Structures are given as structure tokens and as C-alpha cells.
Amino acid sequence: MDDYHDKRFIRALRVPPPDRTQEELDLIYGCLRGMEALCWLREPALRALCRSVRYQVHYANDILYCRGELATCWFILLSGSVFIDGSMFLPRSRRRLWLNG
């Protein structure tokens, strides 16, 4: 199973950021470090991100952003698909992937 689908990773992301233990932060760091979208970040920046990311579930037809709106966060797709301007995007990874920060 890929790290980002690990139940411990999802459980750690569901813990409110201020309440996370060092073990949970280390687990989140290890999983985020392996994601193609984040692997270019230096360790201090990625560890800072681990203190604020959180897990969210969105269902079919949920609208996350509308054209012209100012985005105040970004998402990494762990599973499912997303449509942007009529194009479908799927999860990706270094091995095969693609949280709300």
C-alpha cells in the first residue's frame, strides 16, 4: 500500500494540527516527502507544512473553487478525480500519486 493511503497517515491528518504528537508529525512528514508535488521542498518548509495540513473529504459535484475566486488554500488529491476547466485529473506519485495546506 502506498504511504499516502496508509490508515495511520490519514488518522494523523485528522488530528487537529495543534494537538499532533511528534510521532504524528514525523509520520505526516514521511508521507508528504514522498509526494511528487512536495518532494522539491526543503526539510524545514515541509516540516512547517506538516504542522498545518489537514484531511478533508469532498464528494462528487462539490465545488472547491470557482473561476475568479481568490484561493486561500490548496489541495492534494489522494484518491478519486477532480475536474478543472473540463479536464479530469487523477492522483499521481513518483511511484504511481497526487491535503489541504
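In helix H3 (residues 43–50), the buried residues are Leu46, Leu49 and Cys50, where buried denotes under 20% relative accessible area with a 1.4 Å probe, protein chains only. Viewed along the axis of H3, these buried residues fall within an arc of 105°, so they line one face of the helix; the arc is that of the directions from the helix axis to the C-beta atoms. Helix H2 is included in what covers them.

The model is predicted: local features need pLDDT of at least 70, side-chain atom pairs count only at pLDDT 80 or more, and totals for chains, interfaces and linings use all residues. Residues are numbered from 1 along each chain as its sequence is written, and side-chain values use heavy atoms, with hydrogens and water left out.

The axes of H2 (residues 22–33) and H3 come within 9 Å and cross at roughly 120°, the axes being lines fitted to C-alpha atoms over the stretch in contact and the angles running from 0 to 180 degrees between N-to-C directions. H2 is therefore oblique to H3, a class left over once angles under 35 degrees (roughly parallel), over 145 (roughly antiparallel) and 65 to 115 (roughly perpendicular) are set aside.

Leu25, Asp26, Ile28, Tyr29, Leu32 and Arg33 of H2 meet Glu43, Leu46, Arg47, Leu49 and Cys50 of H3, contact meaning heavy atoms within 4.5 Å. By class, this contact has 7 nonpolar, no polar and 4 charged residues.

The protein chain as a whole comprises 3 helices and 2 strands, DSSP runs of at least four residues (H or I) and at least two (E) respectively. From the N terminus, their order is α-α-α-β-β.

Notes: Nonpolar A, V, L, I, M, F, W, Y, C, P; charged D, E, K, R; others polar. Buried < 20%, exposed > 50% of the residue type's maximum accessible area, 1.4 Å probe, protein only.
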